[in-house]
Amino acid sequence: MLHLAGVSRHFNHDVVALNGITTHIDRGEFVALLGPSGCGKSTLLRILAGLDQPDDGSLIWDNGARPNPGDIGFVFQDATLLPWASAEENVFLPLRLAGKSFDQVRPAVRATLARLGLAGFEQTKPAALSGGMRMRVSIARALVSHPKLLLMDEPFAALDEFTRHRLQDDLHDLWREAHTTVVFVTHSIYEAAYLASRILVMTPRPGRIAAEIPCHLPETAARRTTAAYASLTAQITETLHAVMPPC
């Protein structure tokens with residue numbers, strides 16, 4: 001789907017956020033960007049989204065052109081919902097910006113909310129939803145236009161562990177069903193191991209790709225308790241220790 005060649009990003013002339021990122025993203029895979037705070041993960045995600053531009057290097061899409069509007073969905077760490085709008089109005093937003101009428105897309109909006117476990121909450125405003133439910137609305141909003149690439153910037157970081165596990169399960173199921181390409185930023189070794197088909201481990205600033213770890217966990221509901229999962233998290237931990245500078 002996409003090849004990054006020597007992508008670098010500088011701020012204020014002397015802060016190097018990204019330094020020579022060269023990697024690829026294949027169609028249908030789930031890529032986790034894993035690394036310490038400040039290593040440029042979110043900056044790289046914004047460049048993929050077209051919200052920022054690299055100072056050096058290039059992004060080469062497989063068809064030679066940037067994706068069309070609606071081809072990229074973005075889920076931020078905060079749900080970023082319109083507080084005065086209902087759940088279905090929030091999910092409708094990208095379709096409204098694309099010129100669609102609500103009557104035209106209501107079935108798709110409600111089906112997406114239902115798939116995220118929010119049937120019956122279509123008219124509910126964000127203030128009356130839990131943190132996990134607000135994040136589900138945010139994910140539904142990103143998915144309703146059927147994006148080819150879904151970018152997620154630590155969407156579960158502020159949630160309690162129980163809610164986080166539930167949403168991880170739902171996201172993994174959605175990815176397997178829809179075959180959407182996902183790039184997911186996280187600080188969590190365990191989250192990256194559970195969700196990703198491939199993990200890109202980044203160095204502390206200036207951010208570089210230090211290692212690439214393929215993930216081949218069994219597709220079972222109990223894979224968090226498998227020996228393969230334990231082995232994978234140990235491998236990721238050792239890799240992170242190797243790339244971190246000494247204290």
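Me: Which residues line the largest cavity in this structure?

Reply: In this predicted model, the lining of the largest cavity is made by Leu4, Thr23, Ile25, Val31, Leu33, Leu44, Leu48, Val183 and Leu200. Strand 2 (15-25), strand 3 (30-34) and helix 1 (41-49) are the elements that give two or more residues to this lining.

Me: How is the lining of the largest cavity divided into nonpolar, polar and charged residues?

Reply: Eight of its residues are nonpolar, one is polar and none is charged.

Me: What is the volume of the largest pocket, and which residues lie nearest its centre?

Reply: The volume of the largest pocket is about 590 Å³. Its lining has 22 residues, and Gly70, Ile72, Gly73, Pro94 and Ser145 lie nearest the centre. Two or more lining residues come from each of strand 5 (72-75), helix 2 (87-97) and helix 4 (131-143). Helix 2 gives the largest share, four residues. By class, the lining has 12 nonpolar, six polar and four charged residues.

Me: What is known of the second largest pocket?

Reply: The second largest pocket contains about 240 Å³ of space. It is lined by 14 residues, with Leu143, His146, Leu174, Ala178 and Thr180 closest to its centre. Helix 3 (102-115) and helix 5 (161-178) are the elements that give two or more residues to this lining. The largest share, five residues, is from helix 5. Nine of the lining residues are nonpolar, three are polar and two are charged.

Me: Which residues of helix 2 are buried, and what do they pack against?

Reply: Ala87, Glu88, Asn90, Val91, Phe92, Leu93 and Leu95 are buried in helix 2. The buried residues of this helix pack against helix 3 and helix 4.

Me: Why are Cys39 and Cys215 called buried?

Reply: Buried means under 20% relative accessible area. Cys39 is at 0% relative accessibility, so Cys39 counts as buried. Cys215 has a relative accessible area of 8%, and therefore Cys215 is buried.

Me: Why is Ala230 called partly exposed?

Reply: Partly exposed is the range between buried, under 20%, and exposed, over 50%. Ala230 has 44% relative accessibility, so Ala230 counts as partly exposed. Ala230 has its place in helix 7 (residues 227-243).

Me: How many residues along the chain lie between Ala230 and Tyr190, and what separates their C-alpha atoms?

Reply: Ala230 and Tyr190 are 40 residues apart along the chain, and their C-alpha atoms are separated by 9.2 Å.

Key:
Residues numbered from 1 in each chain as written. Predicted model: local features only at pLDDT ≥ 70, side-chain atom pairs only at ≥ 80, totals over all residues. Heavy atoms only, no water. 1 Å grid on protein atoms, 1.4 Å probe; cavity = no way out; pocket = protein on both sides within 12 Å on 5 of 7 lines; lining within 4 Å. Nonpolar A, V, L, I, M, F, W, Y, C, P; charged D, E, K, R; others polar. Points joined across faces, edges and corners; volume = space filled by probe spheres on them. Buried < 20%, exposed > 50% of the residue type's maximum accessible area, 1.4 Å probe, protein only. Contact = heavy atoms within 4.5 Å.
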